[in-house]
Amino acid sequence: MNMRTDARTPWLRYDPPMTATLSDLARLVDRQWQAHGRETPLDGLLLTRADASSGILRSVYRPSFCVVVQGAKTTMLGDTPFRYAAGQGLLASIDLPVTARITRASADEPYLALSLAIDPAMVADLLSAEGDRLAEAPVFAPLRVASLDPVLCDPLARLLALLDAPGDLAVLAPLVRQEIVWRLLNGPLGATLRQVGLADGHAARIRRATAHIRDHYAEPLRVADLAALAHMSVPSFHRHFKAATTLTPVQFQKQIRLQEARRLLIGAEDVAGVGYAIGYESPSQFSRDYHRLFGAPPGRDGAAIRAALTPEIALP
């Protein structure tokens, strides 16, 4: 039996025999991306492949675990960079609007990564089952980078392989996801992941507020209501929210709205209609805010995105 003492804790940890390697994960990510693209049949499992380094990529991270299996990437939270390369993972403990760049990729060695959404209820259940052993209150960190624990390669490989067996996916994927979360809780990113499952911790309180904004981005925002949802006073909520996200609640909502507008513009040319759909009452204000964030007015940017996604028709 392969047992070792965990450097962070006095108890013994069982490490199962490992068969999958980082190279195996790279081959699986590449193959499944070729088969499914970014969004896979498993909800919350996203794949990324790029043949060249990128410009600025804007997105909203949900509580999730991202693993780079080839290449390198830098994610910016405000002015703070989080750099991670092949064999490293990034854990997001709350919803966060971020910017990122793929910094190392080529046609011969493309950037390959996978991202798996983390269910806070699953984390809470595992913490509850383990009682005090895993439930100590950690220092709040919305993002954290660490080397990939080798014991995670096997369950990640099995999860990717399940995409080839749709009949098994619904039954087996939740079990493999639970194993992945368990391994994360006992690995280098465990302290950050525990924040996701501790109901009374600052991470969980701010996460409830960010999730509410994300789900109701088109509605008027009342900071007092968000503070009540987080069980904080308004001044305390403002302070903790900005410390976690680098944004005020109003700025956070604007980022979510504009990210959603860009997604909607992929399939819509009615710029004013998109603005109204995401909560703007003034088309001119929507256009100004969109231009400020994405560097082009929404109509022109949307047309460019649609053109890039439309395959060229080969002429005879």
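Modeller: Happy to! Let's start with Asp301, which is buried at a relative accessible area of 8%; buried means under 20% relative accessible area, exposed over 50% and partly exposed in between, with a 1.4 Å probe and protein chains only. Please bear in mind that this is a predicted model, in which local features need pLDDT of at least 70 and side-chain atom pairs count only at pLDDT 80 or more, while totals for chains, interfaces and linings use all residues. Residues are numbered from 1 along each chain as its sequence is written, and side-chain values use heavy atoms, with hydrogens and water left out.

Asp301 belongs to helix H12, residues 298-309. Helices (H or I, at least four residues) and strands (E, at least two) are DSSP runs, numbered from the N terminus. Setting aside residues up to four places away in sequence, Asp301 touches Arg262, Tyr290, Phe294 and Ala296, where contact means heavy atoms within 4.5 Å.

Now step back to the whole chain. The protein chain contains 12 helices and 11 strands, and 46% of its 316 residues count as buried. Of the contacts between residues at least 6 apart in sequence, 72% join residues at least 24 apart.

In H3 (residues 153-161), 7 of the 9 residues are buried, so the helix is largely enclosed by the rest of the structure. The buried ones are Cys153, Asp154, Pro155, Leu156, Ala157, Leu159 and Leu160. They pack against two helices, H1 (22-36) and H4 (166-185), and against strands S3 (45-50), S5 (64-70) and S10 (111-117).

An open sheet of 5 strands runs in the order S3-S10-S5-S8-S11, with antiparallel pairing; two strands pair if DSSP finds at least two bridges between them. S3 and strand S11 (143-147) stand at its edges with a single partner strand each, so one side of each has no neighbour in the sheet. On average, neighbouring strands here are turned by 20° against each other, direction ignored; the axes are lines fitted to C-alpha atoms, for helices over the stretch in contact, and angles run from 0 to 180 degrees between N-to-C directions. Inside this sheet, S5 pairs with strand S8 (residues 88-92) over 5 antiparallel bridges, and Phe65 has Leu91 in S8 as its bridge partner.

There is also an open sheet of 4 strands, ordered S4-S9-S6-S7 and paired antiparallel. Its edge strands are S4 (57-61) and S7 (80-85), each pairing on one side only. The twist from one strand to the next averages 30°. S6 (residues 72-77) sits between two partners in the strand order. With S7, S6 pairs over 6 antiparallel bridges, and Lys73 stands opposite Tyr84. S6 and S7 make a hairpin with 2 residues between them, and Gly78 in the turn has a positive phi of about 65°.

Leaving out residues up to four places away in sequence, Ile56 touches Thr99, Ala100 and Arg101. From Ile56 to Thr74 is 18 residues in sequence and 9.9 Å in space, C-alpha to C-alpha.

Next, the nonpolar cores: sets of buried Ala, Val, Leu, Ile, Met, Phe, Trp, Tyr and Cys residues joined through side-chain atoms within 4.5 Å. The largest has 43 residues, and those with the most contacts inside it are Tyr61, Leu143, Phe237 and Phe286. Apart from it lies another core of 41 residues, with Ala26, Phe65, Ile118 and Ala146 among them. Beyond its neighbours within four places in sequence, Tyr61 contacts residues including Lys73, Tyr84, Leu90, Ala100 and Leu143.

Finally, the cysteines and the surface. Cys66 is buried, with a relative accessible area of 12%, and Cys153 is buried too, at 7%. A search of the whole structure finds 0 disulfides, a disulfide being a pair of cysteine sulfur atoms within 2.5 Å. The chain exposes about 15,700 Å², of which carbon and sulfur atoms supply 55%; accessible areas come from the Shrake-Rupley method with a 1.4 Å probe, and for residues only the protein chains shown count as cover.
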